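Let's take a walk through this structure together, one stop at a time. Keep the sequence at hand as you follow along.

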Amino acid sequence: MWAGELPYVAIEPKSYVAEKLEDVNFSVWIKRVSPDLKLKNITLKITYNSRLLEVKNVVEGDFLKEIGESVFNWTVSNGYLTIINYLKQEYANTSEGIVATITFTGIYQDYTDRVSSITFTDVKLIDIYGNLIKLAEPQSALYTIKGQTQIVIRLDRDTAYVGSDVTISGWIIPPKEGIEVTIRYRSQNVSSWREVYVETDENGNYSYCWKVPSEVTMEAEYYYFKAVFYVDSLEVESEEVSLRIERKEATSSLSIEVIPADTVLVGEDVTIRVELS
C-alpha cells in the first residue's frame, strides 16, 4: 500500500452543468487499492436529488470484472442508489478502476439554476476474510441544471385575408401548466400594441385563434405579433413575427357532378359528387 495513504472512492466528473434535460454519465472510481488489502466486495450507497435526477441505468465497470468472475447488482429506493459488486473467487490485484457507470436522466428544469450533489452515504470495502477495509474520505460530485426561460411564438401561415382565422401558437420553456401568456399584435401603421390572453396547457403549449380585423385599409399591410409571460415580475418576450394581410377576400366555389350525366332509368343508381374549394 502507498505509505500513509488509504483507498478511496470517487465520482467523476466532479461537476457537470446541463443546459437542458438530458442523459448524463457519472463514473464511480476506486483508487489506491493495494493487492495486500485482498479486496473482494464493494458495497456503495449513493444519494442524489430525485427531484432533479432519475437513475436510468447502472453498468458494471472493469475494476473487478477484468480480474475474474464477478457479481454486480444495483437497486434504487427513495432517492438512494445501492451498488454491490464482488468477486466470487479472486481478490482485487489492481490499484484503481471504474466500479460502475451511472446514467442519470435530468427530469426537472425551471427558471433558476438547480444543484444536486451526488454523494456517498455509505461505502464498504470488504476483504476475503470478511473484514472492513479502512477508507479515506469519499469524493462526491455536483450536477447543475441551468435555469432557462423562453417563449416561442408561431403563426400557421404567412399571408391571410380580411375576416379569415389565423392560429397563433407556441410554448414556454421550461413547460408549465396554467401560465398566462399575453399575445401582443399591431398593424404596421400604428406603434401601440393590442393584447389578448391565453393560458398554457400541461405541456407548456398555448394556442389562440385570431380573426383578421376588417379595419385593414390598404390592399396589403403587415401585422406584427409577439408573446410574453412573467416570471417573478420579470417579463420574458418572444421574437417578433409578421403576417401579411390582404383585403382580397378568399373566394370559394361549389361544383356538382352527376354520374351518369344524362338519362337514367327508374331504379338505377345515380352518383352525385359535390366539391367545395
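Predicted model: local features only at pLDDT ≥ 70, side-chain atom pairs only at ≥ 80, totals over all residues.

The side chain of S164 reaches back to the backbone oxygen of Y161, at 2.6 Å. Leaving aside residues up to four places away in sequence, S164 touches W210, K211 and V212.

The structure has seven aromatic pairs when ring centres within 6.5 Å are taken as the rule. In one of them, the ring centres of W210 and Y223 are 5.6 Å apart and the planes meet at 50°, so this pair counts as tilted. W210 belongs to strand β16 (residues 205–211) and Y223 to strand β17 (residues 220–231), so the pair ties together parts that are 13 residues apart in sequence. Are these two residues buried or exposed? W210 is buried, and Y223 is buried as well. Ring pairs also join W210 and Y223 with Y185 and F225 in a cluster.

Rings meet charges here too. The charged end of R51 sits over the ring of Y108, at 4.2 Å from the ring centre. Likewise, the charged end of R186 sits over the ring of W193, 5.1 Å from its centre.

Next, have a look at the backbone. Which peptide bond involving P13 is cis? The bond from E12 to P13 is cis, with omega near 0°, and P13 itself lies in the loop between β1 (8–12) and β2 (15–18). Another cis peptide bond runs from I173 to P174, with omega near -5°. P174 is found in the loop between β13 and β14 (180–187).

Our last stops are two residues with positive phi. R32 is not a glycine, yet its phi is positive, at about 60°. You will find R32 in the loop between β3 (23–31) and β4 (39–47). With a relative accessible area of 23%, R32 is partly exposed, because values under 20% count as buried and those over 50% as exposed. S233 is not a glycine either, and has a positive phi of about 70°. S233 is located in the loop between β17 and β18 (234–237). Its relative accessible area is 73%, so S233 counts as exposed.

Technical notes
Residues numbered from 1 in each chain as written. Heavy atoms only, no water. Polar contact = N/O pair within 3.5 Å; in protein donor to acceptor, adjacent residues only side chain to side chain. Contact = heavy atoms within 4.5 Å. Phe/Tyr/Trp six-rings, centres within 6.5 Å; stacked < 30°, edge-to-face > 60°. Helix = DSSP H or I, 4+ residues; strand = E, 2+ residues; numbered from the N terminus. Buried < 20%, exposed > 50% of the residue type's maximum accessible area, 1.4 Å probe, protein only. Lys NZ or Arg CZ within 6 Å of the ring centre and 35° of its normal.
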